[in-house]
Amino acid sequence: MFGPDQEEQMLGIAIIDDHPVKRAGLEKFVSETPGLAVATSVRCVEDLDRAGVAFDVSILDVSLRPGGPALSVIESLARHGPAVVSSSWERPLTFGAVLRAGVRGYVASHSDGEVIVAALVTVGQGGFYVCPELTEQFQADLVRNVNADPAGLAPREVETLRWIARGLTHAQIAGRMGLTEATVNTYAKRIRAKLNAGNKAELTRMAIELGHMPSNGRRFPAA
């Protein structure tokens with residue numbers, strides 16, 4: 001797969017996965033692939049910070065974080081350099097949200113070895129990579145209307161979610177949206193059901209992960 005020149009220019013890979021068996025498997029795969037070398041292998045991004053090891057590209061699996069702050073973890077990783085993310089897509093992030101977080105490669109957790117290598121090499125060489133089976137979803141996300149939502153929220157529910165994430169009460173939201181408080185309560189119940197979120201903190205996290213509100217503190221205006 002690699003020529004002599006590519007073999008001499010090894011790409012150092014940082015592996016981040018909180019599942020030890022999966023991490024060990026990826027370590028073996030990377031170490032046995034011509035042109036790639038394991039620079040470091042850690043459980044989480046915080047461990048990567050502590051390791052202080054230089055690398056060319058990182059790969060992070062977020063499929064084991066169904067209730068975790070996936071987007072903030074991705075953003076933290078991307079600050080270290082080029083990053084590839086793999087996901088099971090059980091609770092998918094939008095491509096727009098991941099792109100804004102700084103990720104350059106996006107693959108499915110069950111992708112085969114050739115796809116993983118292609119992603120690592122492409123991103124390590126300064127490119128951008130989406131695995132073939134996700135290309136259609138990637139294109140759909142790029143043309144998605146700003147008010148559309150992968151979780152099935154209606155436009156007014158998206159607007160309500162944004163105001164909730166900004167910390168407004170239902171009464172305040174009703175005033176801003178020109179609705180009754182009872183209607184806002186109904187919207188909030190629907191949103192919690194669709195996002196499987198039990199409180200405002202979870203709703204705020206989901207608003208960020210769905211791309212309706214950036215995680216850097218800057219707020220979207222109401223739709």
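Predicted model: local features only at pLDDT ≥ 70, side-chain atom pairs only at ≥ 80, totals over all residues.
1. Which residue of β2 does I13 stand opposite? The residue is V38.

2. Overall content. The protein chain contains 11 helices and 6 strands. Of its 223 residues, 46% count as buried. When contacts between residues at least 6 apart in sequence are considered, 60% of them join residues at least 24 apart.

3. The sheet. The 6 strands make an open sheet, and their order across it is β2-β1-β3-β4-β5-β6. The pairing is parallel. β2 (36-42) and β6 (129-130) are the edge strands; each has a single partner strand, so one side of each is left without a neighbour in the sheet.

4. Strand β1 and its surroundings. β1 covers residues 11-16. Of its 6 residues, 6 are buried, so the strand is largely enclosed by the rest of the structure.

5. The partners of β1. On one side, β1 pairs with β2 in the parallel sense over 6 bridges. Within this pairing, A14 has T40 of β2 as its bridge partner, and I13 stands opposite V38. β1 also pairs with β3 (residues 57-61), again in the parallel sense, here over 4 bridges. In β3, I59 is the bridge partner of I15, and L60 is that of I16.

6. Helix α2 (residues 20-31) lies across β1, β2 and β3, and runs at about 160° to β2.

7. A101 belongs to helix α5 (residues 95-101). Is this residue buried or exposed? Its relative accessibility is 8%; because buried means under 20%, A101 counts as buried. Leaving aside neighbours within four places in sequence, A101 is in contact with L71, I74, E75 and A78. A101 and R79 are 22 residues apart in sequence, while their C-alpha atoms are 9.0 Å apart in space.

8. The two faces of α9. In helix α9 (residues 170-177), the residues H170, I173, A174 and M177 are buried. Viewed down the axis of α9, its buried residues fall within an arc of 105°, so they line one face of the helix. The exposed residues G175 and R176 are carried on the face of α9 turned away from its buried side. G178 follows α9, and its phi is positive, near 70°.

9. The packing of α9. The buried residues of α9 pack against α8 (155-165) and α10 (181-195). α9 and α10 pack at an angle of about 110°, and their axes are 8 Å apart. The two helices are therefore roughly perpendicular to each other. In this contact, H170, A171, I173, A174 and M177 of α9 meet E181, V184, N185, Y187 and A188 of α10.

10. The packing of α8 on α10. These two helices pack at an angle of about 90°, with their axes 9 Å apart. That angle makes α8 roughly perpendicular to α10. From α8, the contact involves R156, E157, T160, L161 and I164. From α10, the contact involves V184, Y187, A188, R190, I191, K194 and L195.

Terms used: Residues numbered from 1 in each chain as written. Heavy atoms only, no water. Pairing = 2+ DSSP bridges. Contact = heavy atoms within 4.5 Å. Axes fitted to C-alpha atoms, helices over the stretch in contact; angles between N-to-C directions. Buried < 20%, exposed > 50% of the residue type's maximum accessible area, 1.4 Å probe, protein only. Arc of directions from axis to C-beta. Parallel < 35°, antiparallel > 145°, perpendicular 65-115°, else oblique.
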